[in-house]
Amino acid sequence: MAKIEVNPVVLDLINFLNLSPTAFHAVDEAKRRLQKAGYEQVLEREDWKLEAGKRYFFTRNHSTIVAFAIGKRYVAGNGFHIVGAHTDSPCLKLKPVSKVTKGDYLEVGVQTYGGGLWHTWFDRDLTVAGRVMIREDKSGSVSYSHRLVRIEEPILRIPTLAIHLDRGVNDGFKVNTQSHLVPVLATSIKAELNKEVAENGPAEKISNNSRHHSFLLQMIANKLGCQPDQICDFELQACDTQPSIVAGATKEFVFSGRLDNLCMSFCSLKALIDATSSESDLEDESGVRMVALFDHEEVGSDSAQGAGSPAMLDALSRITNSFTSDSKMLPKAIQRSFLVSADMAHALHPNYMDKHEEKHQPKFHGGLVIKHNANQRYATNAVTAFIFREIAMKHNLPVQDFVVRNDMPCGSTIGPILASGVGIRTIDVGAPQLSMHSIREMCAVDDVKHSYEHFKAFFQEFSDLDTNITVDI
């Protein structure tokens, strides 16, 4: 059989996924890519000095990132062309006091984050990753900084109970998230033996050892190249160690964790970078091309760095005000703007076909899915759907439609939050996937390519297309 070539965009997605076990790491990798492409970082706590034709980004909490490229023909009051996505995924986050000891086992207490398919976390080779607050003493001066950390090797596991001890398990297994979802770190005896020979001194010197296992703290310190007592606090989560891959008999699938929603984050980010990579890309652009990747979508977006925060409006306001002192320009700009809310969609499942409405069954390789909901769980309307279809038609890109069955509840996205909070025209779209919110999800390689190309075309085409659309006259 001939060797199957994988599209470079898909391979780049795989690399992005493998470098992004947490929202913090995803933002860090996005930041690295933007800086490599010539984007300049601006800080929210400082004044901005922006210029037309230049490219910028800022981070908030290092888990949300907003990047934007200002057209050379931009003037205050012109619109923003935005793709929004989110950096977080359902996971297990370590509790503030994670130290658990039961039956001569050292375990790690975790909280459920978001609406995960928690049974998929059993019997997986897990590790921890996230950010750590570090105290550093230099020449008598003390400073504090956050450092990203990831332990690559498997150190945790949530073992299932043998069927011999639970004969009815196959008749229906219900996870008790408090008592069942507690990862095993080590046995007490082995941890004690390792503590005695630890290179960095006895555990009694570790200030956090009443809240977390000293064994775990030592592993984190070793990875960071610091002493355990320098660790002031952390935000860590359990992560699957199995890497993301291109798979399937014909190499048509991506198997990975966190496709919801790092797949859309990646596609939008790469589209922005590639649509603004040369001087000529912004030569005739009169608007601002933007990508906004938010944290905390999976838990409602109500945080300082979520889509429910002022982050988006702050960005639009500060960019507009960098070019004018006229306060009336921002409302004009918002009405000339357009948001693509990009969040993964539900593909038709061959074993559960009755879960989809008969005429709205998104399929793999069918392109981005336009999401509709009459009750505004999605923000799409006829105007915004037309715009997105028109761009697809011009570039020969496939699109699909989805509405949830009337007898099933409908999920939501950052789309309605930003549409109502900012007042911006919005469409909800997403690439189709299976196993959403599992520790291991899947999508199609063709849809990764279609998504990237559609977002890139949106950045390149929207300004001209929008001048030919009339609604409120």
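Which residues does Phe455 touch, not counting residues up to four places away in sequence?

Author: This is a predicted model, in which local features need pLDDT of at least 70 and side-chain atom pairs count only at pLDDT 80 or more, while totals for chains, interfaces and linings use all residues. Residues are numbered from 1 along each chain as its sequence is written, and side-chain values use heavy atoms, with hydrogens and water left out.

Leaving aside residues up to four places away in sequence, Phe455 touches Val83, Met264, Cys267, Ser268, Ala271, Val340, Ala342, Leu368, Phe388 and Val429. Contact here means heavy atoms within 4.5 Å. Phe455 also belongs to the largest nonpolar core, which has 57 residues; together with Met264, Val340 and Val429, Phe455 is among those with the most contacts inside this core. Helix H5 gives the most to this core, with 10 residues. A nonpolar core is a set of buried Ala, Val, Leu, Ile, Met, Phe, Trp, Tyr and Cys residues joined through side-chain atoms within 4.5 Å. Buried means under 20% relative accessible area, exposed means over 50%, and partly exposed lies in between (1.4 Å probe, protein chains only). In soluble globular proteins, nonpolar side chains tend to be buried together. A second, separate core of 35 residues includes Val110, Trp121, Ile134 and Ala186.

Helix H5 spans residues 259–274. Helices (H or I, at least four residues) and strands (E, at least two) are DSSP runs, numbered from the N terminus. Asn261 has its place in H5, and a cis peptide bond with omega of about 15 degrees joins Asp260 and Asn261. Another helix, H4 (residues 214–224), has as its buried residues Ser214, Leu216, Leu217, Gln218, Ile220, Ala221 and Leu224. Just after H4, Gly225 takes a positive phi of about 75 degrees.

The bridge partner of Ile134 is Ser145 in S8. Strand S7 (residues 126–138) and S8 pair in the antiparallel sense over 10 bridges; two strands pair if DSSP finds at least two bridges between them. S7 and S8 form a hairpin with two residues between them, and Ser139 in the turn has a positive phi of about 55 degrees. Val142 lies in S8, which covers residues 141–150.

Two residues other than glycine have positive phi values in loops. Phi of Ser301 is near 70 degrees; Ser301 lies between strand S13 (288–294) and helix H6 (311–321) and is buried at 1% relative accessibility. His437 has a positive phi of about 75 degrees, lies in the loop between strand S19 (432–434) and strand S20 (441–444), and is buried with a relative accessible area of 17%.

Charged side chains complete the picture. A salt bridge is a side-chain nitrogen of Lys or Arg within 4 Å of a carboxyl oxygen of Asp or Glu, and by this rule the count comes to 24 salt bridges. In one of them, the closest N and O atoms of Arg157 and Asp125 are 2.8 Å apart. Arg157 lies in the loop between S8 and strand S9 (184–187) and Asp125 in the loop between strand S6 (105–113) and S7, so the pair ties together parts that are 32 residues apart in sequence. Arg157 is partly exposed at 34% relative accessibility, and Asp125 is partly exposed at 39%. Arg425 and Asp466 also meet in a salt bridge (2.9 Å, N to O). This pair links distant parts of the chain, 41 residues apart: Arg425 is in strand S18 (residues 425–430) and Asp466 in helix H10 (residues 445–466). Arg425 is partly exposed at 23% relative accessibility, whereas Asp466 is buried at 17%. Salt bridges that share partners join Asp12, Glu29, Arg32, Arg33, Lys270 and Asp274 into one network.
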